[in-house]
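Please find below some comments on the model, written for a reader who will want the cut-offs next to the values.

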Amino acid sequence: MGSYSARGVHGDVVHRLGARIVGGGLAEGDTLDIRALGAELDVSLTVMREALKVLAGKGLVDARQKRGTFVRPRAEWNLLDPDLIRWRARAGDADRLLRDLADVRAVVEPAAAHRAALHRTEADLDALEAALAAMAEAGNDPAAAARADALFHRALLAATGNELLARMEVFLEPGLLERDRLVHAHPASGDAVPGHRAVLEAVRDGDATGAHRAMLALLARADADLALVSPRPAP
């Protein structure tokens with residue numbers, strides 16, 4: 001599972017069609033007129049077919065004899081795919097996506113911080129320190145701050161020493177980048193470095209309970225920052 005990075009016409013068609021499906025422009029169950037879409041996008045049938053193969057791999061479309069190519073139900077989409085996360089965030093589904101992301105992080109990251117305090121290596125600490133330094137150096141550059149923030153959380157997952165936890169960055173990071181892209185650009189958002197520094201220090205000290213507690217505090221601050229740009233209705 002990973003982001004589709006092909007450039008040129010083929011990559012453009014994948015991203016345009018994927019975003020249209022995720023955004024509801026092509027609804028669940030719709031049969032796709034491949035020739036008409038190819039004419040609209042000014043691409044050949046070969047390009048269309050190759051693009052649809054990529055989207056099929058992401059669970060967005062399927063093909064059947066007599067029915068043709070159609071949009072699959074949302075329940076069958078690979079919602080952990082990095083491209084789907086980005087397309088959702090930019091197609092009006094950001095609030096739901098970020099709410100779900102916050103829930104997943106609340107389950108995963110305090111436990112990851114706890115485990116990282118017990119299993120981190122010097123190389124892991126160096127990676128966390130480098131990410132923290134990049135956050136401090138980002139200043140008022142929201143894109144740089146978002147990249148550094150995501151790098152810290154990737155390094156934390158790696159520091160658990162658990163390969164499966166480490167690979168969770170594949171789907172956590174795209175959502176985190178979208179979240180931070182909004183939050184770090186908001187003038188009222190606070191300095192993210194101290195909260196991350198508290199997590200790092202607890203991990204460095206081997207204080208598993210402290211790392212867990214520091215991550216809970218960091219996530220609470222993250223939730224408050226997100227509320228500045230995406231207010232949630234009261235439950």
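1. Basis. This is a predicted model, in which local features need pLDDT of at least 70 and side-chain atom pairs count only at pLDDT 80 or more, while totals for chains, interfaces and linings use all residues. Residues are numbered from 1 along each chain as its sequence is written, and side-chain values use heavy atoms, with hydrogens and water left out.

2. Overall fold. The secondary structure consists of 11 helices and two strands; helices (H or I, at least four residues) and strands (E, at least two) are DSSP runs, numbered from the N terminus. Along the sequence the order is α-α-α-β-β-α-α-α-α-α-α-α-α. The C-alpha trace spans about 65 × 35 × 35 Å along its principal axes.

3. Of the 235 residues, 44% are buried, where buried means under 20% relative accessible area, exposed over 50% and partly exposed in between (1.4 Å probe, protein chains only). Among contacts (heavy atoms within 4.5 Å) with a separation of 6 or more, 70% are between residues 24 or more positions apart.

4. Largest core. In soluble globular proteins, nonpolar side chains tend to be buried together. A nonpolar core is taken here as a set of buried Ala, Val, Leu, Ile, Met, Phe, Trp, Tyr and Cys residues joined through side-chain atoms within 4.5 Å. The largest one has 24 residues, and the members that touch the most others are Leu-128, Phe-152, Leu-156, Val-199, Val-203 and Met-215. Two or more residues come from each of α5 (94-119), α6 (122-138), α7 (142-158), α10 (193-204) and α11 (208-229). The most come from α11, which gives six residues.

5. Leaving aside residues up to four places away in sequence, Val-199 touches Ala-113, Phe-152, Leu-156, Ala-214, Met-215 and Leu-218.

6. α6 against α7. The axes of α6 and α7 are 8 Å apart and the packing angle is about 165°; axes are lines fitted to C-alpha atoms, for helices over the stretch in contact, and angles run from 0 to 180 degrees between N-to-C directions. That makes α6 roughly antiparallel to α7, on a scale where angles under 35 degrees count as roughly parallel, over 145 as roughly antiparallel, 65 to 115 as roughly perpendicular and the rest as oblique. The crossing of α6 past α7 is left-handed, a term used if the near helix is turned anticlockwise from the far one by less than a right angle, with right-handed used if clockwise. The residues of this contact are 15 nonpolar, no polar and two charged. Here Ala, Val, Leu, Ile, Met, Phe, Trp, Tyr, Cys and Pro count as nonpolar, Asp, Glu, Lys and Arg as charged, and the others, Gly among them, as polar.

7. α7 against α9. Which residues of α7 meet α9? Ala-146, Arg-147, Asp-149, Ala-150, His-153, Arg-154 and Leu-157 do, and their partners in α9 include Leu-172, Leu-176 and Asp-180. α9 covers residues 169-183, and its axis lies 9 Å from that of α7 at an angle of about 150°. α7 is thus roughly antiparallel to α9, and passes α9 in a right-handed crossing. This contact divides into six nonpolar, one polar and seven charged residues.

8. His-196. Is His-196 buried or exposed? His-196, in helix α10, counts as buried because its relative accessibility is 3%. Its contacts, not counting residues up to four places away in sequence, are Leu-132, Met-135, Asp-149, Phe-152, His-153 and Leu-218.
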